[in-house]
Amino acid sequence: MLRLFALAATILAVSSGFSAGTRAEVTISISCSSLGIEQQLCQSGAEAWAQATGNTVKLVPTPADANERLALYQTLLAAQAKDIDVFQIDVIWPAILAPHLVDLSAILSEEDRADHFEVLIDNNTVDGKLVAMPWFMDAGLLYYRQDLLEKYGKQVPKTWAELAETAKAVLDGERQAGNANLQGYVWQGRAYEGLTCNALEWIASYGGGGIVDPDGTVTIDNPQAAAALEMARSWIGTISPRGVLSYAEEESRGVFQSGNAVFMRNWPYAWALANAADSPVKGKVGVAALPQGDGAEARHAAAMGGQNLAVSRYSAHPDEAADLVRYLTSAQEQKRRAQEGSFNPTLRSLYSDADLVTANPFYKDFLPIVESAVARPSTITGRRYNQVSSAFVRMVHGALSGQGAASASLVDLNSELERLSRGGNW
Amino acid sequence: MIRRHLGRLGFYVLIAGILLYVVFPFYWAIVSSLKTGSSLFQVELWPGNPTLDNYVALFREQPFARNILNSLIVAVVATGLSLFLALTAAYALGRIRFRGRTAMLLIILSVSMFPQIAVLSGLFDLIRAIGLYDTLSGLVLANLILTLPFVTWVLTTFMREMPRELEQAAIVDGASDWRILTRVFLPIMGPALSASGLLAFILAWNEFMFALTFTLSTEQRTVPVAIALISGATAYELPWGKVMAACVIVTVPLIVLVLALQRYIISGLTAGAVKG
Amino acid sequence: MTAAARKSAGGRAGLTLAQQRARVAWLFVAPMLVAVILVAAWPLGRTIAFSFTDAYLSDLENWQAVGIANYIALFQDPLWWRAVGTTLLFTIVSVGLETLLGLVIALTLNAHMPGRGLLRAAVLIPWAIPTVISAKMWGWMLHDLYGVVNAMLLKLGLIDAPWAWLAEPRLAFAAVVAVDVWKATPFMALLILAALQVLPREIYQAGKVDGVPPIRMFLRVTLPLIRPALLVAVIFRGLDAMRVFDVIYVLTGNNPATTTMSVYARQQLVDFQDVGYGSAAATSLFLIVAMATAIVITLGRVNVSAAGERR
């Protein structure tokens, strides 16, 4: 028996031997996506910095799934682990992770600060500290089928009502012609963070506010918000399939890209894929700002997404780590990333950069969309953001699947958020 | 006679249905792994232009062979340790009367009653404290929390169901318990050992949350984590073809394992091995 | 041989045989026990302890004891009770189906028929694919517009319009059950098969000679004999099903129609960072699972106490 124990111990020891890593003098670990162009760009950028400064960088691949990534970060940071110095974090995480992150104000010059989109800097400023540097950004877009709109003599819709009407007209015509699979409008209706973005866009476009105001007041219970939700509910079963309530980004892209939808709401990533060589809708796709709602304060509204870089408070080399962040978020590096991987810059000046505009004509249309982007209320609600978002999603998903009137659910949500915030004091 | 044939037929139809249900998703994974780009969104029972690009990309872009080796090491060691620890314990729990036995079985069972996410951060502390963070040994240790209670219970049940006569003669001869265990029981525990061993192996092979949290470097990652790390050009894009290719690759070793082990799975007592 | 008879059979060093064997038993159990305590004691104890505090993930060192406040809040949350109901229904339906299918597969594999080696390997495939991936795969197959399931049902004329499998609350529940059954039936089948393998063949031969119909043979002889192993398989599947997380999370997100106790607990622990409250949810989950297990053990008369006393 003892011998067996010894054997087991040896196996354990041998398997642990595989762990020996290499550590140079100053090695900075940065979390990045693990495959594809995102990893290549992260690697080449970080290595260029390492070459210039004489340090070493180590890439730590992390899952693309936001929930898994957040769970991993939280476990590491709660244990004050030194293993990762620079974290790539989502736009909704700065307030959640703020206690573990260092203030990066020092590495942001005044002119760069002015060049960054204000909405991003505000988003990343928690209690007066800039806890993360904007790296690249996303905004919700309306994709449409140019060929179908032309065939039926329709304009790109400016309002949601026009969108519904156009979709209906095209659907009626195409379905009569035997195209039974065609859908009018696909978006992200699954009960997850993506639905928060979609619903926030509808509500903001109706002038219904952003769930919680920047000063902390819960504003969700208002007639404009109710009107926005009723409008979205009217789509289901008419211009949107019922299944849209289980779609995330890729499910909607699948429908649109296989030629089965007139309109789609999605992030900029779908552009390159819809125009890829093997795409059935290649060359037939246009993008525009998401339509306006109804009412006095109607506007175009795009939910803001994107990624930031942050430095861990437990890092052994916070200065070098911050310098790496400064390098990776600089105009030069953001331009390179935009050129090679179409990651949208967070610096206003790059949208009029000659090289970038020739490479990507869609950029000059993108600037006004980005300027009008609405941030989710993640900074003001701080560590309770996920609770707010989850309650919001539950309410919206319930209202869309037809359980109760939207206005009644808004009253419930309002009181739930009031309770969460203890009367607006987040 | 006709009724019997009809019954037979019905039975085969049922089996065929189950087989379809079980195997079709895997077939679909193979089909999807041979597609790229937009064709993934088309329903066709065999791809129009099958391509092996996904498989090539998988091994080129990351140390996938290394990941498979890691998974094998973790699963084999965790299973081996579990079987060894559980076998002696099951003998005691199943064949010997002693105080505290019932309580012990229930305590072991209760370890399997907590959601994995709840023990995650505690285990993380523990593994860091004993210096096994980012090592395969740490993963082996963590996997024991999943495999050990299960294997112990299964083996105990099987031990208990063995006829009493088995060890009586040996006890009268004054054989030690260790000897009874290794000479009398071990040879006839084949089906139970291989079934619970195989299930423990698969449990450890598939484990994701521990593997993601307790390892950090690419060289230490196991297969499920490596698959979860496969990402497209952006966070939203799911490179479905590559993910499916990875699934097919990791499933094949398990099928080979089952085919190799099946002699043991299906042998054991059937040939009248119970000699008393 | 009874314990009394055994006691008289021998006694080395002043100890009765029973005492001696009890010592050996502890020696045999010790390594396993040490391993379980080493791995599980701290994580489990920590979770239970945190459930009585207001600890937050961002700052785990500063917390205050709040007594049972977390539990009171939990028991007042209708979402928690809905999750409990969903979990129990999910467990009963999926484990029930898995047991039935597992029995059929195991009996088939146990019978002598050509090609059963391949069949056995085929049946294990679902178990071999990491759960996260298989859930995504099913999500893809169940897509209402380009999923292969709807395409086949439409072609066969079983439905006349695509079903929104993952969106309609009832269909979503059926879908997660179907995926879980697909995933876990092999586990059942293999454990039942192992139990069938150790049955003495003579009984069947006797039955055959007497002309007992196979179904009665199965109900009267086979089932009682494999019951202990079957119950262990059911218990462990039940434990897994009551803690189900990834299948549901990947397929339907936080859709309230399919939120289970684990999804709820994880949301509190990770997404909301509320370690105190989340630990209370995890501990309550543990208590509910423990109660359910106790009921199954009692009703099923699982033999936890007596060793080798049967027959």
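1. A crossing is left-handed if the near helix is turned anticlockwise from the far one by less than a right angle, and right-handed if clockwise. In this predicted model, α12(C) passes α13(C) in a left-handed crossing. Helices (H or I, at least four residues) are DSSP runs, numbered from the N terminus.

2. Residues are numbered from 1 along each chain as written, and chains are lettered from A in the order in which they are written. Local features need pLDDT of at least 70, side-chain atom pairs count only at pLDDT 80 or more, and totals for chains, interfaces and linings use all residues.

3. Helix α12 of chain C spans residues 261-271, and helix α13 of chain C spans 275-299. They pack at an angle of about 160°, with axes 7 Å apart. Axes are lines fitted to C-alpha atoms over the stretch in contact, and angles run from 0 to 180 degrees between N-to-C directions. The pair is therefore roughly antiparallel (over 145 degrees).

4. Which residues of α12(C) make the contact? Among them are M261(C), Y264(C) and L269(C). From α13(C) come V275(C), G278(C) and L285(C), among others. Contact means C-beta atoms, placed from the backbone, within 7 Å. By class, this contact has 9 nonpolar, 3 polar and no charged residues.

5. Chain A has domain 1 (27-131 + 305-371) and domain 2 (141-301 + 378-421), with bounds from an automatic or database domain assignment. Their C-alpha centres lie 28 Å apart.

6. In chain A, 13 residues of domain 1 are in contact with 14 residues of domain 2. On the domain 1 side, α4(A) gives the largest share, 3 residues.

Conventions: Helices (H or I, at least four residues) and strands (E, at least two) are DSSP runs, numbered from the N terminus. Angles under 35 degrees count as roughly parallel, over 145 as roughly antiparallel, 65 to 115 as roughly perpendicular and the rest as oblique. Two residues are in contact if their C-beta atoms, placed from the backbone, lie within 7 Å. Ala, Val, Leu, Ile, Met, Phe, Trp, Tyr, Cys and Pro count as nonpolar, Asp, Glu, Lys and Arg as charged, and the others, Gly among them, as polar.
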